[in-house]
Amino acid sequence: MAVWRQVLWKLLRDRATFLGASIILSLILAAILAPVLSPFPEDVFEFHTANRLRPPDGVNYFGTDRMGSDILSRLLFGARITITIALIAVGTAVAVGVPIGLVAGYYGAWPGDLLMRVSDIFLAIPQVVLAIAIAQTLGPSIENVILALSATYWPFWARLVYAETRSVKNEIFIESAIALGASPARVMILHILPNISSAIIVRTSIGMGATILTAAALGFLGLGAPPPAPEWGRMIAESRDFLPEAWWYATAPGLAIFLVVMGFNLLGDGLRDILDPRIRRAGGRND
Amino acid sequence: MTELLAVRDLTLGFRTDAGLARVLDGVNLTIDAGQVMGLVGESGCGKTTLARAVLGVLPRNAAEIAGGEIVFKGRDLLKFSPGALARDICGRAITFIPQDPYGSFNPVFTIGTQIMEIMKWKSPRRVTGHWSEHAPLLGPYPAERRRADMETVVALLDAVQLPQPAQILRKYPHELSGGQRQRLMIAMALLPEPDLVIADEPTTALDVTIQAQILGLIRRLANERNVAVLFTTHDLGTAYEICDAVTVMYAGQEVESAPTDRFFAAPAHPYTGKLLASLPRHDGEVAGIPGEVPNLVRPPGGCRFHPRCERASEACRSGKPPAEMLDPGHSVRCFHPVRPAA
């Protein structure tokens, strides 16, 4: 596929996008290789109270926490939780939102209006508040965080796909396909969806960052995975009692969250430019 | 010649805020097998609507078919179930060449992907009655048939004078010129070996030299393959060049239908006469037709042309003139047709 080679090439040439992609790639590698990379993998679930609150040194690169566990090791294993939450929550939101937006946008009339009004209701409530309410009601666990996040995120994709579908469905090539006898399902899946996929990909990448941020916020509030799971948001929450003396305690997970969210945003921004040939990025190197 | 398509008394309207706009009001049109029929008229007279009605792509929520029939090969298309229409007629027996070749390709797939996708479902080699006709997203495309279809495609691209077909198939629509795209559209319309091609102003978006080539191509291929063409245009010169017969529409009704030579030599309807007189002359003078196309929500009674016609009488204001056969193949709807000086 020549297109994909071209996309990959542009991705490598654009510094910001490349940085974003590298961060995301490192996150995925960290999650997969956590047992190999972490200096003290057993520390995730074990205490060494004698070592508690050690500042960063040659043994514990990011210091230790209140239980004496190595923070770096916990961070690496925490990447697994972060990726799991982000992938499943965003995946569910896309799987629910995209078909709803597609059907509503294609058929219009009252079914479309109904679906869009429902998504409007979800959008009217501040997303974090709704997620907190759902997670609080269901009790703290990773599953409930995922459920809360996907329940609050799907309208973003429904709205986006709805608007894009509305604009594409009046194109002549759609009419041509219908005139050639293509069924509605065929038109939606094979003709409209490929045309709007770049918008969905971009939204999904940026949405991953937002989801990780919200998941961390839920963890911070104690609504995420129960301890001792190495959830980044919860690690920051635990560190509050030891600030400002144990500065390293909050810094490491804070930086991790910051880098990952920035990575997804940079990647999403870059993908928008790469996948849409109509927009030419001004600052980057282009020929 | 055998009658391929007969539109009889087709009446349909679009719901608008002002009321029902009767875009087609008792239209009649017949096309014989292998005949190139020109459908001529001013903008807004219903040419495109009629073409779309035959194709079955009228917007379902806005259009209301009030009566009439569209008989294709002896069967009324309006009585078909949508599934059967999609399977047997649309894209198989009736195909079309769109007006604007720029928007007619899906921009995200290569030309080859799009053509082979059509061939997969509409190729004359396809097996009918296969289960996949009911699951159109999953159907298999046997490699052997694919290869045979590919050869047909390359041969036809050659026939529409597109050099280096293999390269063109690998390109994306935006990498081709308008003329190339319209040639591809013609090729795609002919690939399923249809009986009727509907060409809706296929050359409007092209410049004049390409126009002439494309028209010649349509004419030649229609003759070679015995395909009937319904060719809508507002350009009488175009109609003269490639059509066997011409039907003139005015405000949703057909007013005159005649073989091309009769049509240009002895136009019988006053509107046809004025239309021919409105062609720019070589001295640069242009004669317009006074008045304007009537409001279709409240059309004038009787003959719809009477407010602009100097031959109009009381009869024209009260009743719609019946179709009168002047000659074999030459019919006119007028109480006071222009008779050639004998």
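Predicted model: local features only at pLDDT ≥ 70, side-chain atom pairs only at ≥ 80, totals over all residues.
The interface involves 16 residues of chain A, which are in contact with 22 residues of chain B. Between them, the two chains bury about 1700 Å², and carbon and sulfur atoms account for 64% of this area. On the side of chain A, 36% of the area buried against chain B comes from Ala179(A), Leu180(A) and Arg186(A), more than from any other three residues. Arg186(A) also takes part in a salt bridge: its partner is Glu117(B), with the closest N and O atoms 2.1 Å apart. In total, 2 salt bridges were counted between chain A and chain B. The count of residue pairs in polar contact between the two chains, with both residues at pLDDT 80 or more, is 5. Two helices of chain A, H8 (172-179) and H9 (184-220), each contribute at least two residues to the side that touches chain B. The composition of that side of chain A by class is 9 nonpolar, 5 polar and 2 charged residues.

In chain B, 8 strands make up an open sheet with mixed pairing, and their order is S6-S7-S8-S3-S9-S10-S12-S11. From one strand to the next, the twist averages 20°. The pairing of S6(B) with strand S7 (residues 196-200) of chain B is parallel and extends over 4 bridges. Within this pairing, Ile94(B) has Leu196(B) in S7(B) as its bridge partner. Helix H1 (residues 47-55) of chain B packs on the sheet. The strands of chain B touched by this helix are S3 (36-40), S6, S7, S8 (228-233) and S9 (245-250). The direction of helix H1 of chain B makes about 150° with that of S7(B).

In chain A, the peptide bond from Leu243(A) to Pro244(A) is cis, and its omega is near 0°. In chain B, Glu193(B) is not a glycine, yet its phi is positive, at about 55°.

Terms used. Residues numbered from 1 in each chain as written. Chains lettered and ligands numbered in written order. Heavy atoms only, no water. Contact = heavy atoms within 4.5 Å. Buried area = accessible area lost by both parts, 1.4 Å probe. Salt bridge = Lys/Arg side-chain N within 4 Å of Asp/Glu carboxyl O. Polar contact = N/O pair within 3.5 Å; in protein donor to acceptor, adjacent residues only side chain to side chain. Nonpolar A, V, L, I, M, F, W, Y, C, P; charged D, E, K, R; others polar. Pairing = 2+ DSSP bridges. Axes fitted to C-alpha atoms, helices over the stretch in contact; angles between N-to-C directions.
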